[in-house]
Amino acid sequence: MQDLQHCTVLREEAVDALLWRPDGIYIDGTFGRGGHSQLLLTRLGATARLVAFDKDPQALAAAQQITDPRFEIVHSSFAKLREEMAQRGIQQVAGVLLDLGVSSPQLDDAERGFSFQADGPLDMRMDPSRGESAAQWLARVTQAQLTEVIRDYGEERFAQQIAKAIVARRERLGPLTRTRELAEVVASAVKTREAGKNPATRTFQAIRIYVNQELEELEVALAAALALLEPGGRLVVISFHSLEDRKVKQFLKKHAQAPRLERRLPLRAADLPAPLLKLHARIRASAAEITENPRARSALMRSAERTAS
């Protein structure tokens, strides 16, 4: 199976950080085009198992090409890790990998509506068969809510002006239905452009995050992964922007510290609760990888090991 047009970021580094027990059960929470899963399967033992998740029908089609009996693909969000594993009678796993990036085929396919560089239907859903598209949401959202989403999920300082321009465009000419229409409205409202960055970058990111509930699902997935990890198990997360990395960093930091207890409790040192996670060093893509794949420049991998507590 080829990795299609997608170049998996931190492929070797992520599998190195994840794999510690070759006969264990592992989860690839974001199959994408299967770069991490394929490499992991080459290193797993004959009795190991790999369960991968993805919402994207194109990713599911790519996964169907893997005929390895140790591998299974699940059409679901990684927010459903616990439920899906429970249905399979699996209570603990040796490792969970979450690659939070949008795959290159998704970005490059104008019909998916993620790109402001090519015109296409304004969709942006990771799973086009479920939920509300970006166009449907933009047709009904209030200016106040739109401002909040663009500001909070895009970290866009011109959020208010952009939201006002989108609502005015909608009232004057009808709902936005194409990515080019949205990009043009945003460009008209952004007065100062960041060097080397399209003015629509932050707005498209914000709407994509909101439509797919990316940060909310990430919070659920992190908690589920921690609950599933066996002692010694590894959690590996690759993020691509500050909002998701902040969620990951705060989660790992919280569980790498012992719970605070009332000082006057009569506990011996040996009875004090220990942290649930031991943090590993964070890793960024090498200069060589960034040269080969410029989309790797913003990738940041954090990993941690489940303690015996």
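Helix H11 passes helix H12 in a right-handed crossing. The structure is a predicted model. H11 spans residues 214–228 and H12 spans residues 242–255; their axes come within 10 Å and cross at roughly 30 degrees. Since angles under 35 degrees count as roughly parallel, H11 and H12 are therefore roughly parallel to each other. On the H11 side, the contact is formed by Leu 215, Leu 218, Glu 219, Leu 222, Ala 223 and Leu 226. H12 contributes Leu 243, Glu 244, Lys 247, Val 248, Phe 251 and His 255. Sorted by class, the residues of this contact comprise 8 nonpolar, 1 polar and 3 charged.

| Helix pair | Axes come within | Crossing angle |
|---|---|---|
| H11 (residues 214–228) and H12 (residues 242–255) | 10 Å | roughly 30 degrees |
| H7 (residues 143–154) and H8 (residues 159–173) | 8 Å | roughly 135 degrees |
| H1 (residues 11–18) and H2 (residues 35–43) | 9 Å | roughly 50 degrees |

For helices H7 and H8, the crossing angle is roughly 135 degrees, and the two helices are therefore oblique to each other. The crossing of H7 and H8 is right-handed. In H7, the residues in contact are Gln 143, Leu 146, Thr 147, Ile 150 and Arg 151. They meet Ala 159, Gln 160, Ile 162, Ala 163, Lys 164, Ile 166 and Val 167 of H8. This contact holds 7 nonpolar, 3 polar and 2 charged residues.

Helices H1 and H2 cross at roughly 50 degrees, which means that H1 is oblique to H2. H1 passes H2 in a right-handed crossing. From H1, Arg 11, Glu 12, Ala 14, Val 15, Asp 16 and Leu 18 take part in the contact. Their counterparts in H2 are Gly 35, His 36, Gln 38, Leu 39, Leu 40 and Arg 43. By class, 5 of the contact residues are nonpolar, 3 are polar and 4 are charged.

The remaining description concerns strands. Strand S2 (residues 49–54) and strand S3 (residues 71–75) run parallel and are joined by 5 bridges. Within this pairing, Phe 53 has Val 74 of S3 as its bridge partner. Together with helix H3 (residues 57–63), strands S2 and S3 make a right-handed β-α-β unit.

Methods:
Residues numbered from 1 in each chain as written. Predicted model: local features only at pLDDT ≥ 70, side-chain atom pairs only at ≥ 80, totals over all residues. Heavy atoms only, no water. Axes fitted to C-alpha atoms, helices over the stretch in contact; angles between N-to-C directions. Helix = DSSP H or I, 4+ residues; strand = E, 2+ residues; numbered from the N terminus. Parallel < 35°, antiparallel > 145°, perpendicular 65-115°, else oblique. Left-handed = near helix turned anticlockwise from the far one by under 90°. Contact = heavy atoms within 4.5 Å. Nonpolar A, V, L, I, M, F, W, Y, C, P; charged D, E, K, R; others polar. Pairing = 2+ DSSP bridges. Right-handed = clockwise from strand over helix to strand, strands pointing away.
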